[in-house]
Amino acid sequence: MDLRRLRYFLVLSEELNFTRAAHRLHIAQPALSQQIRALERDIGAPLLERGSRGCRLTAVGEVVAREGGELLAHADASQERIRAAVSGRQGQLRLALTRSARGGPVDALIAAFRTHHPNVDLVVRTGWTAHNITELLAGKLDAAFVRPPLDNTGLECRHIAREELLMAVPANHPLARERRITRSHIATEPVILWPRENAPGMHDLITRQLWPAHGPRIVREEPDDEQLLLSVAAGTGIAPVPEGRARALRIPGVRLKHVTAPMPTVDLALAHPSAEATPALHGLLSLVDALPGPSAAAPSTRP
């Protein structure tokens with residue numbers, strides 16, 4: 001059934017006069033008559049009894065008028081949902097966070113996305129960078145916050161932020177009294193880190209910046225930053241932690257220290273497949289592109 005013809009018929013069913021209906025529809029009366037006859041052929045039954053003073057609906061015409069109104073309302077709603085999906089105002093966005101970057105720009109971006117796209121079903125999970133990349137490449141995610149550099153091809157990264165690495169030391173450690181910590185201070189100190197396989201690029205970047213000569217003396221691995229800082233508070237060793245996460249956790253018995261120049265840093269990025277993005281993802285990327293600083297898409301490669 002041609003929905004345009006059905007719309008014409010619904011107007012005619014209200015007016016029961018071809019001249020008035022044609023005027024409302026802004027078409028010529030002969031064109032309206034032609035479209036109504038075509039609709040009757042489509043349905044296979046007459047819809048109107050025509051007379052010199054107007055027309056009236058047949059029994060079939062009354063059913064078509066009643067059901068046609070519901071059909072067109074449903075079609076209009078469906079078209080609006082389709083347009084919303086195309087524009088990114090509806091649909092679904094599967095997004096993963098990285099454990100070391102909760103709060104700050106990540107939470108602000110998610111809040112902004114929810115504000116600008118309230119009808120998008122935002123499915124959020126949390127995982128380490130390596131796990132998030134695996135999920136992206138398997139097509140289980142649309143985008144993920146990660147800690148570059150990344151080894152993987154087929155992904156693009158948009159820069160989000162750069163954070164200073166602080167050194168977490170036990171409150172009763174001699175280094176807790178230092179204003180700034182040098183690399184020589186920490187050269188032989190016992191170190192607590194998370195497993196390298198969680199984010200190989202970030203792990204290697206940290207060790208190159210802080211222990212350039214021979215690498216850290218790792219005495220314990222912890223699954224996340226909170227457990228890492230709790231181990232620091234217990235006196236097990238020292239640990240490098242991104243500033244935002246370290247200050248957000250506020251673990252008692254831990255002192256956070258700056259490291260002397262060159263300042264060690266880690267980056268935060270949003271990764272997504274290089275293939276064409278969904279409209280909902282385009283909405284998130286537009287918010288990222290509006291951030292200050294470098295945010296242009298670039299293939300994810302290790303420097």
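**View 1. Lining of the second largest pocket, by residue class.** In this predicted model, the lining of the second largest pocket is made up of seven polar residues, three charged residues and one nonpolar residue. The lining residues are N17, F18, T19, Q29, S33, R37, R50, G51, S52, R53 and G54. Two or more of them come from each of α2 (18-25), α3 (29-43) and β1 (48-51). With three residues, α3 contributes the most to this lining. The volume of the second largest pocket is about 150 Å³.

**View 2. The aromatic pair W128 and W194.** The structure contains one aromatic pair. The ring centres of W128 and W194 are 5.5 Å apart and the ring planes meet at 35°, so the pair is classed as tilted. W128 sits in the loop between β4 (119-127) and α6 (129-137), and W194 in the loop between β8 (190-193) and α8 (200-210), so the pair ties together parts that are 66 residues apart in sequence. W128 and W194 are both buried.

**View 3. Strand β11 and its pairing with β6.** Strand β11 (residues 254-259) pairs with strand β6 (residues 155-170) through four bridges, in the antiparallel sense. Within this pairing, R255 of β11 stands opposite V169.

**View 4. Strand β11 and its pairing with β7.** Strand β7 (residues 180-181) also pairs with β11, here in the parallel sense and over two bridges. V259 in β11 is the bridge partner of I181.

How values were computed. Residues numbered from 1 in each chain as written. Predicted model: local features only at pLDDT ≥ 70, side-chain atom pairs only at ≥ 80, totals over all residues. Heavy atoms only, no water. Pairing = 2+ DSSP bridges. Phe/Tyr/Trp six-rings, centres within 6.5 Å; stacked < 30°, edge-to-face > 60°. Buried < 20%, exposed > 50% of the residue type's maximum accessible area, 1.4 Å probe, protein only. 1 Å grid on protein atoms, 1.4 Å probe; cavity = no way out; pocket = protein on both sides within 12 Å on 5 of 7 lines; lining within 4 Å. Points joined across faces, edges and corners; volume = space filled by probe spheres on them. Nonpolar A, V, L, I, M, F, W, Y, C, P; charged D, E, K, R; others polar.
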